Amino acid sequence: MANRSPTLPALLSLVIPGLGQLSLGHRERGGLILLMMLLFIGLLLWLQLSPLYWLILLPFWAMNVFDAYVLASERRPDTTTLFLLGALPLYVMAWQATDINLQRLFSNVNKVQPLLSGLFQPLFLEQDREIAIASQQFYVPCPVTETPEVSTASAGGTIETSVTCGNVGETMTLRGEGFPANQQVALWWVNPVNANSRIRIQDAYEDFPVGADGSFEGEIVIPEAIPRQSDQPPDRHRIEVRYVASEGGWFITETAIRVLGHMGETIAQALMATLVGAILAAPFSFFGARNLMAGNPGLVLLYYFSRGVMNILRSVEPLIMAIVFVVWVGLGPFAGVLALVVHTIAALGKLYSESIESIDEGPIEAIRSTGANQFQIIAYGVLPQVLPPWIAFTVYRWDINVRMSTIIGFVGGGGIGFLLAQWIRLQDFRSAGAAIWAIAVVVILLDYLSAKVRERIM
Amino acid sequence: MLEIRNVSKVYDDGTHALREVTFNVKDGEFLVIIGLSGSGKSTLLRCINRLIEPSSGQIIYHGQNVTAANPAELRRIRRQIGMVFQHFNLVKRSSVLNNVLSGRLGYVSTLPSLLGIWSTADKALAMANLELVGIAHKAQNRADELSGGQQQRVGIARALMQNPTLMLADEPVASLDPALSDSVMQYFEKLNQERGTTVLCSLHVLGLARRYATRIIALKAGELVYDGDPQGIDEQRFREIYGDEAVEHSLR
């Protein structure tokens with residue numbers, strides 16, 4: 001075989017990848033190359049990618065020809081490079097499949113801005129403020145016979161528009177006087193159904209500056225309002241100018257109190273789930289310990305049964321279980337507890353079983369030899385060995401359960417996550433920020449605490 | 001006091017650990033079992049208190065048939081037989097005192113013992129036994145804080161809690177520094193001479209066996225190949241027991 005020309009296998013691999021390797025007797029290698037190539041071609045056809053993508057097969061194809069040549073001349077082949085090049089098409093297709101778009105990551109950064117700014121201004125504390133409002137009625141569309149209502153702000157200040165009626169998109173001048181000098185005021189448009197929106201002045205939503213004489217003036221555009229029928233009388237809108245009349249002391253917000261309450265609920269949820277889960281996992285774990293279940297076919301069957309149940313339960317995410325329990329017992333923390341209990345039994349059961357399996361049989365033998373009965377053997381030989389790791393695992397589980405129960409709240413399982421999900425939906429990002437900070441602080445603290453406890457015990 | 005009649009043991013994997021072993025032990029003897037590792041010494045000792053179930057044969061202890069005993073009877077027999085192990089078999093995380101007290105479990109009622117309640121008499125006995133082996137000052141330490149020699153003394157104190165009439169010792173000095181071997185073996189000698197406790201001890205160092213035994217039995221591949229005086233083991237016997245390549249170092 002050494003005298004044969006290495007060109008033939010190389011040519012074979014050029015025509016059908018892997019064929020050269022197969023002809024040289026490298027069955028696994030050749031078969032794998034052929035299978036990979038078929039898989040890639042199949043994927044490319046199925047995904048209907050542009051012909052350009054077919055180019056990514058080239059390096060692998062070329063390397064496969066070279067590999068056949070090297071093998072035929074009985075030199076050492078470069079397997080690593082071969083299969084790295086073989087993995088290349090897979091990565092390219094995975095990139096495609098996961099819809100990776102780095103451009104969007106940077107161009108859309110402004111969309112996340114309100115969320116991030118909320119995160120950096122969590123609504124824990126707020127300053128007591130008195131807001132003064134000056135307003136004037138405005139009619140859309142013209143003509144109008146009524147006189148618009150005007151109200152002066154409690155701390156002074158009146159506004160006046162150049163016209164009292166107009167159509168959407170028309171421009172008018174807004175004038176104000178009697179406002180505190182050099183302060184910022186906010187302009188709001190209140191439509192007939194009392195929905196508030198900021199008025200845009202010269203393309204800016206920012207607060208409007210008041211001059212040194214207490215007056216301001218600017219052009220405003222009549223905004224898009226609610227749909228209306230042409231035969232109705234004109235709608236009554238209202239223009240409001242709002243400003244901070246006086247600032248008082250800081251106070252703890254209602255948000256902070258709610259965050260605290262729901263955080264407590266989350267911790268309690270985790271506590272209950274861990275306690276109930278641990279109590280149920282303990283007896284279960286004896287059935288899942290191979291060393292205790294040996295000898296008798298019935299016991300071995302029980303062992304496989306309990307291990308199987310634990311593995312299946314553990315592979316179902318608590319989030320999914322929470323959805324099931326929300327349907328079962330309704331929204332709220334109880335559903336979350338149930339989901340966590342089920343997962344905790346499975347997770348702790350496995351860890352408990354493994355610590356039973358790893359105990360030292362010596363002390364058990366020694367205690368049995370003193371004439372102790374089965375209960376005494378467990379109390380004096382098994383428990384002292386497994387209790388410290390059990391406690392460590394349980395504390396760790398509590399820590400995990402707190403983290404999990406924040407997520408479970410998103411599907412209605414109660415606790416802080418429930419609140420956070422609501423605030424995100426309502427786009428109340430400062431409150432959401434407060435909840436996120438509270439979760440972060442509690443998780444970090446518990447993580448530290450449980451690590452300390454485990455260190456002590458083990 | 002102890003009769004071993006035709007005891008055989010075949011493990012599930014087919015290993016013949018003991019083949020028709022028969023011998024008697026008289027009250028007050030210091031009987032040493034010698035043999036290579038794997039010759040069946042540990043199996044034989046564990047068959048006596050049925051930590052390992054013999055496959056066939058009978059074991060009679062003080063007229064009671066150990067092999068035919070029901071679980072409750074077996075526990076009553078076991079509590080009269082102390083046992084000391086090569087690897088000490090202490091609960092490492094428990095205190096020395098708790099390890100020693102656990103030797104008394106066969107004599108106390110279940111519920112208080114499960115709750116960790118011990119009578120003053122039992123606690124005093126535990127301290128006295130710790131005193132006897134010279135480590136009363138370590139009573140509150142965790143067992144794994146002690147050195148190997150000290151741990152084996154805790155093991156002896158635990159067995160003494162049973163007030164045993166027979167003491168089984170499975171290679172009690174094999175995991176200890178040779179320099180400590182005598183210090184531990186002397187406790188068995190003292191027990192044997194002062195309390196008249198029968199001692200059945202396996203050893204693999206013939207020198208130690210000669211020094212402490214009143215009688216030696218030898219096992220080879222599960223068969224009893226010698227039963228007699230310590231002095232009776234000459235060069236030829238030695239080769240029979242330990243194989244042709246063995247050289248006895250500890251003799252000289």
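This is a predicted model, and chain B averages a pLDDT of 91, with 98% of its residues scoring at least 70. For the model, the scores are ipTM 0.93 and pTM 0.68. A word of caution when reading any such model: where pLDDT is low, the predicted coordinates should not be read in detail.

**Chain A**
- You will find 15 helices and nine strands in chain A.
- Chain A has 458 residues, and 34% of them count as buried.
- Take the contacts in chain A between residues at least 6 apart in sequence: 67% of these join residues at least 24 apart.

**Where the chains touch**
- Chain B gives 22 residues to the contact, and chain A gives 19 residues.
- On the side of chain B that touches chain A, the elements giving two or more residues are helix 2 (71-78) and helix 4 (110-114) of chain B.
- That side of chain B is made up of seven nonpolar, 10 polar and five charged residues.

**Nonpolar cores**
- In soluble globular proteins, nonpolar side chains tend to be buried together.
- The largest nonpolar core here has 76 residues, and B:V32, B:I34, B:V100, B:L168 and B:V199 are those with the most contacts inside it.
- Setting aside neighbours within four places in sequence, B:V32 is in contact with B:C201, B:L203, B:A209, B:Y212, B:A213 and B:I216.
- A second, separate core has 38 residues, including A:A281, A:L338, A:A339 and A:V402.

Note on methods. Residues numbered from 1 in each chain as written. Chains lettered and ligands numbered in written order. Predicted model: local features only at pLDDT ≥ 70, side-chain atom pairs only at ≥ 80, totals over all residues. pLDDT = per-residue confidence, 0-100. Helix = DSSP H or I, 4+ residues; strand = E, 2+ residues; numbered from the N terminus. Buried ≥ 20, exposed ≤ 12 C-beta atoms within 10 Å, placed from the backbone. Contact = placed C-beta atoms within 7 Å. Nonpolar A, V, L, I, M, F, W, Y, C, P; charged D, E, K, R; others polar. Core = buried A, V, L, I, M, F, W, Y, C linked by C-beta atoms within 7 Å.
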